[in-house]
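Have a look at the structure below and keep it open while you read.

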Amino acid sequence: MKRHLAALPCLLFLLILPVSAGASGVDGLLQGFRGMAWGTDLAALPQMKRVLTGDKTAKTYMILNDDPAFAGLPFQRILYGFFEKKLFRVTLETTDNRVAANLTRLFYQSFGPPTQNEIEDFNDVSVWRTRDLEIRNVYKENDRISVTIVSYRPLLEKSLLTLK
Amino acid sequence: MRRRAQALALVICLAVFPVLLSGCSTCGCRIKTSHSQYMIDQLKAKRQGLKEQRAFTSRSLSLEAARERGVTEKSTYYEYLRAELARLDLEICSLNCEIYPY
């Protein structure tokens, strides 16, 4: 009986863990993404593999043999953007509208309603801005890819300056 | 003869002015100018983006409604989605008015 009682806290911890891990996924964005702090040097992330996307603001990478999940949600692909070899942007892609809807819900719960809506390339984009973060959501219908871009603003602004 | 002409002018004015002054019953816009084909294509592309956002928001609202079924006081997220749908409907309507001026 005593043994069973001793196992109870462990069981409770295991039950609570997935819930808190899901919540910390979005809340933890202020510090970084999936344990990688914003500004981490590319050299410290040997698992990154370069992919060509035609993006002029950043060099894009993917993690080899990655399980592209975030906040308990499965994505099709997660891309990592580096500027001056420092991690500053993450792009989450999905064709599953349910995943996109749940991610938006998590953003709303953590950051409140979007700071603004912008028209970009004829898309209505929901934008959240905090002091250090910018999150942009673009939704697509009919199995096309919905994209969420999370950027670390200090480096994002630097990268945009180089384009001018 | 002159009186008849004046009466006719009055009737025409009474018939035409309300049409000129009334706007769209949904968004209230009074757009009378017609655009070039290029501009219309741009407006249509913009409208398509808004329609996709609307479809997404509508689906999110359905999911949220299912989640909150039986709850009398709806969450702020639910209310936000409803307000967002209303905003998108107005924006789509005002683009419709620009594309097809009446």
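What follows is a short chat about this predicted model.

Visitor: Which strands stand at the edges of the open sheet in chain A?
Guide: Let's walk along the sheet, which has 8 strands with antiparallel pairing. Their order is β3-β4-β7-β8-β12-β11-β10-β9. An edge strand has a single partner, so one side of it is left without a neighbour in the sheet. The strands at the edges are β3 (48-51) and β9 (116-120) of chain A.

Visitor: In chain A, which residue of β11 stands opposite Ser126?
Guide: First find the pair: β10 (residues 123-129) and β11 (residues 133-138) of chain A run antiparallel, joined over 4 bridges. Now go across from A:Ser126 to β11(A), and you land on A:Asn137.

Visitor: What angle does the direction of α3 in chain A make with that of β12(A)?
Guide: Two helices of chain A are worth a look here. Helix α2 (residues 97-111) packs on the sheet, touching β8, β10, β11 and β12, and its direction makes about 35° with that of β12(A). Helix α3 (residues 153-163) packs on the sheet too, touching β7, β8, β11 and β12. For α3(A) and β12(A), the angle is about 100°.

Visitor: Are α2 and α3 of chain B roughly parallel or roughly antiparallel?
Guide: Chain B has 3 helices and 0 strands. The axes of α2 (residues 37-67) and α3 (residues 76-99) in chain B come within 9 Å and cross at roughly 160°. Angles over 145 degrees count as roughly antiparallel, so α2(B) is, relative to α3(B), roughly antiparallel.

Visitor: How many charged residues are in the contact of α2(B) with α3(B)?
Guide: The crossing of these two helices is left-handed. Sort the residues of their contact by class and you get 12 nonpolar and 4 polar ones. The charged residues number 10.

Visitor: Which element gives the most to the side of chain A that touches chain B?
Guide: The contact takes 14 residues from chain A and 14 residues from chain B. On the chain A side, α2 and β10 each supply at least two residues. By class, that side has 7 nonpolar, 3 polar and 4 charged residues. The element giving the most, with 6 residues, is α2(A).

Notes:
Residues numbered from 1 in each chain as written. Chains lettered and ligands numbered in written order. Predicted model: local features only at pLDDT ≥ 70, side-chain atom pairs only at ≥ 80, totals over all residues. Pairing = 2+ DSSP bridges. Contact = placed C-beta atoms within 7 Å. Axes fitted to C-alpha atoms, helices over the stretch in contact; angles between N-to-C directions. Parallel < 35°, antiparallel > 145°, perpendicular 65-115°, else oblique. Left-handed = near helix turned anticlockwise from the far one by under 90°. Nonpolar A, V, L, I, M, F, W, Y, C, P; charged D, E, K, R; others polar.
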